[in-house]
Amino acid sequence: MKTKPAEATSDTFVLRLYVAGQTPKSLLAITNIKKICEENLQGRYDLEVMDLYQQPQLAQGEQIIALPTLIKKLPLPLRRLIGDLSNTEHVLVGLDIQGKT
Amino acid sequence: MTKPKLKPAAKPKPLPKARKQLPKVPTGIQGLDEITGGGLPKGRTTLVCGGAGSGKTLLAMEFLVQGALQFDEPGVFMAFEETAEDLTQNVASLGFDLNDLVARKKMVLDFVYIERSEIEETGEYDLEGLFIRLGSAIDSIGAKRVVLDTIESLFAGLPNPLILRAELRRLFRWLKKRGVTAIVTGERGEQTLTRQGLEEYVSDCVIVLDHRVTEQAASRRLRVVKYRGSTHGTNEYPFLIDEDGISVLPVTSLGLQHIASTDRISTGIARLDSMLGGAGYYRGSSVLVSGTAGTGKSSFAACFAEAACRRGERALYFSFEESASQSLRNMRSIGIDLAPWVKKGLLRFQANRPTFAGLEMQLTTMHKAIKDFQPQVVVVDPLSSFIIGGNTIEVKAMLTRLVDLLKTNQITSVFTSLTPSDGGRTQAELALSSLIDSWLLLRDIESGGERNRTMYIMKSRGMAHSNQIREFLLTDHGVELRDVYFGPSGVLTGAARLTQQAQEQAAQLARKQEVERRQLELERKRKALEAQISALRAEFEAQEVETSKAIGQEKAQETQLAQGRADMGLSRQADATANKAKGNLK
């Protein structure tokens, strides 16, 4: 989508984190994903945090039900990770980056 | 429909009767509003559950469509199972144009896509996304109605049922707070109403749909299991999904409150009218014509239908054994030409096999046809074909509802029923008897090597009626009741009747001749007597003449004698006495 051609390699992770407001769960999710990215995908990721309260129409467009949701747009296959991302192991499995550490 | 009444703030009684009911939202679905006494609870959530293919989605969809079209209440349809395109296509066959409604901002279709294999749970989550999504959809068109179909899919798509349950509870509270009237659908569970026990969360109104097959005929039923704060019909009501959407049939909800008319209408057979107190059936009554095969039941029914058309009334003829054209042809053979009435639009045939659908379906189609055609007269020919196996109870239930409907609308109905030839009453007839106001029994009488048709009135409520057994003929100008002839073994029919008729005619002739003979004799006697009288008179006259002649002579003689004496006196110069005597004599 917004990814630049240079980033569209198998190495680049395009991640979108959807949250609703500044709830503890949202903040926890943001902290968690940032940490995981820094630790596992340094320099190979494009993370964007979206607040659905600000852009409610995104919920329909992105088929979002549960919050927080992290969508891994690239590399394919598309994956959705729901929850506050505090289970790091599940996050790594979900993002298919477990084996790379 | 519901008037915007105040909520019962302080309930005076624990059971406030239909007086101050909670505000309701009409569904616009035929019949459902009657069962629920005005619709679904306003601003609350209703659970509609049922097995696969029971019509949940359709009911929910019609609720939204009717809301948008009839009541100007826009709606949001959140689908968890079908995509918006599929939904639009599926309901297009029912005449709902969703694309148009969406374009006019009367409806929002939102397909929620959940693919379990794409989802990884990584910790605590909530359904705020769904709330935001639903909230923005509601706000975008100012929706008053919301459908979530089938929200239970979430359980299949998302992990951690505990969170889901808590979130669903929150969702229903949230919907209530938003003030939208919502329908949530759920798949029927093993022990519970829904697979995930949604009924625990949605407790204001629960409607169960059912699609069952009995005797290879499927019928759909609807039942309002629960309706908090309102009275409602509690029975299972059949419903139908056809080209106009859903229609529910709530006939048994009606009480016995129909007005009995004193108006009488002709049976179409003049002499039968006179048997029925001289005026025919009561308007709005139910008539059963039962008899063995080939006794002319349909002909009686056709006569009645034709008479109605002649009066300019509309007649609806439900035929379950013959096609319309077959009926027309057969009736033409006895001089009842129904075709012109069909052409004029006064008579409508609805012919199908009783096995074409379940009883409820039949009833619902009949109900629809009656509502549509608004007839004054209905013929069901024959009723007995509904009885397949031991479903008498169902048939009776169906008939009760049908008769109720007809009576409420002041429609006079004629049912025909085939009875076994051994003369026994069928189960159906026994079951029906209580519903029937006038019962005509047609019978075969076999005697003298022939079979003749007779009829009598088994009962006819509220009127004096003949108790005679009458023979009738199917002539080329309709059904004709014959005169009654009695023989040593009861009513004479057919050839026996003709013989009796001839005998009576002969006897009558003989009597007539006898009378004539006596009159002649009398005349002769009078003439003889008169002759005698005149002879006597002549004799008398002759005597009279003679007698007066004799008297004359006597007198003349006496005068001559006196004259002679006087003359003698004069000549003898007799005394004065003699002169005086002479003067006296003069």
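Predicted model: local features only at pLDDT ≥ 70, side-chain atom pairs only at ≥ 80, totals over all residues.

Visitor: What does the secondary structure of chain B come to?

Guide: Chain B has 16 helices and 25 strands. Of its 586 residues, 41% are buried.

Visitor: How should I read a helix, and what span does helix 15 of chain B reach?

Guide: An α-helix has 3.6 residues a turn, so residues three or four places apart point the same way. Helix 15 of chain B covers residues 494–572, and its 79 residues reach 116 Å from first C-alpha to last, close to the 117 Å expected at 1.5 Å a residue.

Visitor: How many residues of helix 15 of chain B are buried?

Guide: Two of the 79, so to speak a helix that is hardly covered. Look just past helix 15 as well, where Q573(B) takes a positive phi of about 55°.

Visitor: Now the sheets, please. In what order do the five strands of the open sheet that starts with 2(A) run?

Guide: Strands of a sheet pair through backbone hydrogen bonds, either parallel or antiparallel. Here the order is 2(A)-1(A)-3(A)-4(A)-6(B), and the pairing is mixed. At the edges stand strand 2 (45–51) of chain A and strand 6 (119–121) of chain B; each has a single partner strand, so one side of each is left without a neighbour in the sheet. From one strand to the next, the twist averages 20°.

Visitor: Which residue stands opposite I71(A)?

Guide: That is R80(A), in strand 4 of chain A. Strand 3 (residues 69–74) and strand 4 (residues 79–82) of chain A run antiparallel and are joined by four bridges. Helix 1 (residues 24–40) of chain A lies across strands 1, 2 and 3 of chain A, at about 165° to strand 1.

Visitor: What is the strand order in the open sheet of nine strands in chain B?

Guide: Follow 17-16-18-19-15-20-21-22-23, again with mixed pairing. Strand 17 (347–351) and strand 23 (478–481) of chain B are at the edges with a single partner strand each, so one side of each lacks a neighbour in the sheet. The twist in this sheet averages 25° from one strand to the next.

Visitor: Which residues touch the most other members of the largest nonpolar core?

Guide: In this core of 95 residues, they are L64(B), V76(B), F77(B), V146(B) and V147(B). Helix 2 (residues 56–70) of chain B gives the core its largest share, eight residues. Take F77(B): beyond its neighbours within four places in sequence, its contacts include M61(B), L64(B), M107(B) and V147(B). There is also a second, separate core of 62 residues, with Y282(B), F415(B), L432(B) and M455(B) among them.

Definitions and conventions: Residues numbered from 1 in each chain as written. Chains lettered and ligands numbered in written order. Expected span 1.5 Å × (residues − 1). Buried ≥ 20, exposed ≤ 12 C-beta atoms within 10 Å, placed from the backbone. Core = buried A, V, L, I, M, F, W, Y, C linked by C-beta atoms within 7 Å. Contact = placed C-beta atoms within 7 Å. Pairing = 2+ DSSP bridges. Axes fitted to C-alpha atoms, helices over the stretch in contact; angles between N-to-C directions.
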